[in-house]
Amino acid sequence: MKKRIKIAQIGVRHEHANGKMATLRTMPDEFEIVGICAESPADRDSFGKHSSYEGLNWMSREEILAYPGLDAVAVETEMTDLVPTAMLCAERGLHMHMDKPGGENLQDFGNLLAFCEKKKVILQMAYMFRGNPAIQFCIEAARKGWFGQILPGRRNF
């Protein structure tokens, strides 16, 4: 049996935060969700009621960053805190999915990228291609069966 990726989420305020958690929860053979952190008690009360967070372990940022054996973090904070939070994760050698944008200034984002490269930390950026004309063409081609049977996975179109 392969090892599941131990992952946590820091932040619930980003507009894609609950969607990221909902997606992670569709892959229990791949991911072990160890916890989630809201930026504040008010955020937990407001955003934490979403069904994607039901039954999860609420933790502080410090508890998540110190969690034994943690492999990765989904960084889903407010946009102003994305890069600083990602840097905290990178400093601990944690791989990340970070939602867009890449911070408030290019210099800080560049520093994060350079640090991740130096430390061999994977940083996956969220970027939505759904409006891209080439992606729209591929979706239409898949709907029309031009690719044949698409395996494995789900078809959401």
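The sheet first: this predicted model has an open sheet of 5 strands in the order S2-S1-S3-S4-S5, with parallel pairing. Strands here are DSSP runs (E, at least two residues), helices are runs of H or I with at least four residues, and both are numbered from the N terminus. Two strands pair if DSSP finds at least two bridges between them. In general, strands of a sheet pair through backbone hydrogen bonds, either parallel or antiparallel.

At the edges stand S2, residues 31-37, and S5, residues 123-125; each has a single partner strand, so one side of each is left without a neighbour in the sheet. From one strand to the next, the twist averages 20°. Angles run from 0 to 180 degrees between N-to-C directions, and the axes are lines fitted to C-alpha atoms, for helices over the stretch in contact.

S1 and S3 pair in the parallel sense over 4 bridges. Ile 10 stands opposite Val 75 in S3.

Now the helices on the sheet. H1 touches S1, S2, S3 and S4, and its direction makes about 155° with that of S2; contact means heavy atoms within 4.5 Å. H4, residues 82-91, lies across S1, S3 and S4 and runs at about 165° to S4.

Next, the pocket. A pocket is an open set of points on a 1 Å grid over the protein atoms alone, where a 1.4 Å probe fits, with protein on both sides within 12 Å along at least five of seven lines; lining residues have an atom within 4 Å of a point.

Which residues lie nearest the centre of the largest pocket? Of its 22 lining residues, they are Lys 20, Thr 23, Leu 24, His 97 and Gln 124. H1 gives the largest share of that lining, 4 residues.

Two loops to finish. A cis peptide bond joins Lys 100 and Pro 101, with omega about 0°; Pro 101 is in the loop between S4 and H5. Lys 120, in the loop between H5 and S5, has a positive phi of about 60° although it is not a glycine.

On the numbers: residues count from 1 along each chain as its sequence is written. Local features need pLDDT of at least 70, side-chain atom pairs count only at pLDDT 80 or more, totals for chains, interfaces and linings use all residues, and side-chain values use heavy atoms, leaving out hydrogens and water.
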